[in-house]
Amino acid sequence: MEIQQLRYFLAVATCGSYTRAATQCFTTRQNVAHSIENLERECGMVLFERKGNGMVLTPAGRMAACHIDEIVGKVDEFQRLFAPSSPSAQQEETLRIAMSYNFFDRIPEPARAFIMGFDKRLNIIEMSCEGCHEAVCAGTVDLGVVVCMRQDFERCRYEEIGTIDSFVLVSSKSDLAERASISVLDLASRHLVLMSDPGLQYKPLLTQLEQLGYDTASISVGTTASSVLEILRNEAVGVSTGVYAAKAPAGLTAVPLEDSRFRWGIYILQPRPLRHQPAVMRFVKGLRRGCAAPATPAAAEDVSN
């Protein structure tokens, strides 16, 4: 068993394809496929299976991935002990991460602590969900991390590593405030106010509203203060994550949105090909673990995310 075999394994696991893994590793598809076959033979188990046009990890492969990721990471750390220290080398070790606005406020505390304590330099660039997606697809960042309503992403690899319940913010004097939950049909008859442009972040909800005949062009987008005032004065409603479940602004009540299709997802977006693979995979692994921890609502800051 050679370290290069393990690197090919990680590349296939990340890219979901022998061909793309070969491009990422600057080798041929045949070399990657042959390496995986030899690794499976040595391990005595099938690590990948074909699904559609791609390759996915088997249960045994997922178990092996955790160990292989750790082994490769240790080897890379050992090699760095003897690598020359220079500005250019340091720059290579910096991960560029596109992060959706207010991402830190939406994830569990263990995930925030992991990011702050990560063992590599991070260049975090905050932008909209659309901006994160485009940056990943264009290859200008090493990774994207976003919170948006659950959906599929085109043109890049992605993984949902956590979910957050959706809540509707209403005036405490509204008839909706007494509900145990609120449906999309209820929203279709109300004025909607959001804290960010109604695009990728709210895509599943807006698609459903349009199918119900709702004019999404009438949605208001504003600052935190103006959005809260509009909800209070004009019987409008807002849509948020569980950040307001425990502590809504004065005069507002957070009511669960009953349709689970409109829960928020915490997503990792990966470009093709993946750069800085060992460091990126360690970051993904740690963030996944952190987001699996029970979420604690953060202090209320806006009414959109």
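1. Helix H12 gives the largest share of the lining of the largest pocket, five residues. This pocket holds about 630 Å³ of space, and among its 22 lining residues Ala 13, Leu 57, Glu 159, Met 281 and Arg 288 lie nearest the centre. Two or more lining residues come from each of helix H1 (3-15), strand S2 (54-57), helix H4 (59-81), S6, S12 and helix H12 (277-291). By class the lining has twelve nonpolar, three polar and seven charged residues, where Ala, Val, Leu, Ile, Met, Phe, Trp, Tyr, Cys and Pro count as nonpolar, Asp, Glu, Lys and Arg as charged, and the others, Gly among them, as polar.

2. The model is predicted, with local features needing pLDDT of at least 70 and side-chain atom pairs counting only at pLDDT 80 or more, while totals for chains, interfaces and linings use all residues. Residues are numbered from 1 along each chain as its sequence is written, and side-chain values use heavy atoms, with hydrogens and water left out.

3. A search of the whole structure finds one cavity of 30 Å³ or more, and the largest cavity holds about 30 Å³ of space. Its lining is made by Val 170, Ser 171, Ser 174, Leu 176, Arg 190, Ile 231, Glu 235, Ala 236 and Val 237, which divide into five nonpolar, two polar and two charged residues. On a 1 Å grid over the protein atoms alone, a cavity is a set of points where a 1.4 Å probe fits but cannot get out, a pocket is an open set with protein on both sides within 12 Å along at least five of seven lines, and lining residues have an atom within 4 Å of a point. Grid points are joined across faces, edges and corners, and a volume is the space filled by probe spheres set on the points.

4. Five strands form an open sheet of mixed pairing in the order S4-S3-S5-S12-S6. Strand S4 (122-127) and strand S6 (157-164) stand at the edges with a single partner strand each, so one side of each is left without a neighbour in the sheet. Neighbouring strands of this sheet are turned by 20° against each other on average, direction ignored, the axes being lines fitted to C-alpha atoms (for helices over the stretch in contact) and angles running from 0 to 180 degrees between N-to-C directions. Within the sheet, S5 (residues 143-149) and S12 (residues 264-270) run antiparallel and are joined by six bridges, with Val 147 opposite Ile 266 in S12. Helices (H or I, at least four residues) and strands (E, at least two) are DSSP runs numbered from the N terminus, and two strands pair if DSSP finds at least two bridges between them.

5. A further open sheet of five strands, again with mixed pairing, has the order S9-S8-S10-S7-S11. Its edge strands, S9 (220-221) and S11 (252-256), each pair on one side only. Strands S8 (residues 192-194) and S10 (residues 237-241) run parallel and are joined by two bridges, and the bridge partner of Val 193 in S10 is Gly 238.

6. Strand S1 (residues 48-51) pairs with S2 in the antiparallel sense over four bridges, and Glu 49 stands opposite Val 56 in S2. The two strands form a hairpin with two residues between them, and Gly 52 in the turn has a positive phi of about 65°.

7. The structure holds zero disulfides, a disulfide being a pair of cysteine sulfur atoms within 2.5 Å. The sulfur of Cys 129 has its closest cysteine sulfur in Cys 148, at 4.9 Å, too far for a bond; for Cys 132 the closest is that of Cys 129, at 6.2 Å, again too far for a bond. Cys 129 is buried at 5% relative accessibility, and Cys 132 is buried at 0%; buried means under 20% relative accessible area, exposed over 50%, and partly exposed in between (1.4 Å probe, protein chains only).

8. Some backbone values deserve a check against the model. Most residues other than glycine have a negative phi, and most peptide bonds are trans. Arg 155, in the loop between S5 and S6, has a positive phi near 70° and is exposed at 54% relative accessibility. In the loop between S12 and H12, His 276 has a positive phi near 50° and is partly exposed at 25%. Pro 273 also has its place in the loop between S12 and H12, and a cis peptide bond with omega of about -5° joins Arg 272 to Pro 273.
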